[in-house]
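Please have your viewer open as you read.

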Amino acid sequence: MKGLRMHFQACVLFAPVVMLFCGTFLCVLFGLLYCSIIVFWWSSTKYGRKFLRSYYHEILRLENML
């Protein structure tokens, strides 16, 4: 259950990054701003690094199960 909650949190966190692949200029601009400001700022905090590290290990655990 903890892994499922972690995947939902990561989905919400990284959802605006998908806008980078959209065709319009404003969507790409918003996606770049989100990536550069929010994601990098968030990953520099103590809780952000802890979440990204645990999410990375969760992804590795799922890949090893395949």
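This is a predicted model: local features need pLDDT of at least 70, side-chain atom pairs count only at pLDDT 80 or more; totals for chains, interfaces and linings use all residues.

## Ground rules

Helices (H or I, at least four residues) and strands (E, at least two) are DSSP runs, numbered from the N terminus.

Residues are numbered from 1 along each chain as its sequence is written, and side-chain values use heavy atoms, with hydrogens and water left out.

## The positive patch

Let us begin with charge. Lys2, Arg5, Lys46 and Lys50 form a positive surface patch. Helices α1 (2-14) and α3 (46-65) are the elements that give two or more residues to this patch. Patches are made of residues with over 30% relative accessible area and no salt bridge; like charges are joined within 9 Å, and nonpolar side chains (Val, Leu, Ile, Met, Phe, Trp, Tyr) within 5 Å. Lys and Arg count as positive and Asp and Glu as negative, while His and the chain ends are not counted. The place of a charge is taken as NZ of Lys, CZ of Arg, CG of Asp or CD of Glu.

Lys46 lies in helix α3. Its relative accessibility is 58%, so Lys46 counts as exposed. The classes are buried for under 20% relative accessible area, exposed for over 50%, and partly exposed in between (1.4 Å probe, protein chains only). The areas themselves come from the Shrake-Rupley method with a 1.4 Å probe, and for residues only the protein chains shown count as cover.

## The salt bridge

How many salt bridges does a search of the whole structure find? The search finds 1, a salt bridge being a side-chain nitrogen of Lys or Arg within 4 Å of a carboxyl oxygen of Asp or Glu. Its partners are Arg61 and Glu58, with the closest N and O atoms 2.7 Å apart. The two residues are 3 residues apart in helix α3, so about one helical turn separates them.

Arg61 counts as partly exposed because its relative accessibility is 42%. Glu58, by contrast, has 11% relative accessibility and therefore counts as buried. Leaving aside neighbours within four places in sequence, Glu58 is in contact (heavy atoms within 4.5 Å) with Gly3, Met6 and His7.

## The nonpolar patch

Now to the nonpolar side of the story. Phe25, Leu26, Leu29, Leu33, Ile37 and Ile38 make a nonpolar surface patch of about 610 Å². Ile37 sits in helix α2 (residues 25-43), and its relative accessible area of 49% makes Ile37 partly exposed. Leu26 is also placed in helix α2, and with 64% Leu26 is exposed.

Leu26 and Glu58 are 32 residues apart along the chain, and their C-alpha atoms are separated by 33 Å. Between Phe40 and Arg5, which are 35 residues apart along the chain, the C-alpha separation is 22 Å.

## Phe14 and its contacts

One more residue deserves a visit: Phe14, in helix α1. Phe14 is partly exposed, with a relative accessible area of 31%. Setting aside neighbours within four places in sequence, Phe14 is in contact with Val39 and Leu52.
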